[in-house]
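Please open the structure in a viewer and keep the selection panel at hand.

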Amino acid sequence: MKRRTIRAGMAPVSGPLRRILPLLLQTLLVAALVLPAGFAVAPAFLGPQAPAGATQPAPAWHQVPGALAAGAGTTDGIEPLAAGAPVPEPGSLAAQLNETLKADGAGSFSGVVQDAATGEVLFDRAGDALRVPASNMKLLTAAAALRTLGPERRFSTRAVAGAAPGSVVLTGGGDVLLGAGESVPGAVMGRAGLASLAQATVRALQDDGVSVPLTVLLDDSLFSGPALNPAWSPEDVAAGEVAPLFPLALNSARFEPAKTTGPRPQDAAMSAAEAFSAQLAAAAAAAGMTVTPGVARVPAGTDGDGGTDTGAARVLAEVQSATVGEQVDLLLRTSDNYLTEAVGRMAALATGKPGSNEGAVAAVLQQLEQLQIPAGTLRAADVSGLALANQVSARQLSEVVRAITSGADTRLRAGLAGFPVAGLTGTLGDRYMDAATARGAGLVRAKTGTLNTVIALSGYVVDADGRLLVFSFIGNGLTPGAANKAALDRTASVLAGCGCR
């Protein structure tokens, strides 16, 4: 049988570059996963199969290549996924997983492993038990957003004309990844820039013949309900795990785009409006116009002067966000609570629900039911997983991953690339670095979840036989600071190395 190969033709690679090469292989795996829908059978890479009981050598795609293939980055050399790869034997798989899936100290793990194509449960340890999922909750939100909004949807941030001459109303449309400078095409963070919005606004005002001093107003009324979820710990808010939610923010409510830890602005919408006002002043000065200092927040549905509904006002200029698919990729890869909560509220609005925490939760649960993933037992206090009141089972999480990798709704495939790659990207970038987890490096793709006594890992992997497996493991009641991430990583690495017959 023909198998995919890595051709010689370039000099061997060593050092740090050698660690990057598995990412290329994993990219090829993902490319195979999203082949046209005609492949509706169990996904598997073609390759020779060893007799039952025989010791299997590691297949080619589990090896670090000594040379980069000519034409790397294409699908050349990859065969379509086939149904013939063997499924791990449940008894053998359980024997191996039970050796690795052990809590270090207090607490316990639940877990489910499924064959992605058929849904057959290959491993089940308290799979229906409700547990705190931590950031694995983001998988549910990602699926709901891709279904309700669609992966190509973008959010608009607008400058609209107020009722008073020269008044400009900055109107939030759900983009919390705004940049302070000019728009950066192709970027996710900073795809829409406030400097570009300001420059276009001044051009529109010039065309209108406006010569009076400009004033900036802020309409951030798109979201409703409390900006801070009462289910969030004040300590987590103070630490910058999240912040009050608004429908516009710079850098996912961070002071700097590269800063991903530490305190956040507590009024991200006003921070964005003040940055817009500064950019508008600079653009206006170049056009011989002036901007009155200060920004006023307007009541919902007005322009700040008791005038008209801003939704019906003339749009002077607008900038558009990265796509929902790109935003989902970012929130899964970096586990950004603020971005996830904002996207959840946008999913709620898309289904006619309020742009509130309650609306977001309802939208997520509704989408799970439409995916035929029973959600009646699930308890959701937020959509990012920061709240300890969330209760989700490993089976529900595994079924969501299965829907993303193999389900009928192909819009969900846009979430595949966001799963962190073991040892290479995102929240798994510094894991899978020792001998016990080497089999999983570059192959396991999974969403992490971590709270003080909670740890979780849900994702997918193509095993050594070429079978696509989906999984979810959740630990609760764990000893803080204990070595439980290692237990999860060893367990996922077992799946990558199956065999398991």
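Predicted model: local features only at pLDDT ≥ 70, side-chain atom pairs only at ≥ 80, totals over all residues.

Residues are numbered from 1 along each chain as its sequence is written, and side-chain values use heavy atoms, with hydrogens and water left out.

Select D115 to begin; strand β1 (residues 108–115) contains this residue. Strands are DSSP runs of E, at least two residues long, and helices are runs of H or I of at least four, both numbered from the N terminus. D115 has a relative accessible area of 0% and is therefore buried (under 20%; exposed is over 50% and partly exposed in between, with a 1.4 Å probe and protein chains only).

Next, display the residues in contact with D115, meaning heavy atoms within 4.5 Å. Beyond its neighbours within four places in sequence, these are V87, E120, L122, R402, R467, L468 and L469.

Now turn to the aromatic rings: the whole structure holds two aromatic pairs. Rings of Phe, Tyr and Trp (its six-membered ring) pair if their centres lie within 6.5 Å; planes under 30 degrees apart count as stacked, over 60 as edge-to-face and the rest as tilted.

Select F419 and Y460, whose ring centres are 5.2 Å apart; their planes stand at 75°, so this pair is edge-to-face. F419 sits in the loop between α10 (394–406) and β12 (445–451), and Y460 in strand β13 (residues 454–462), 41 residues apart.

Finally, select F471 and F473, a stacked pair with 5.4 Å from centre to centre and 25° between the planes. F471 is buried at 0% relative accessible area, and F473 is likewise buried at 0%.
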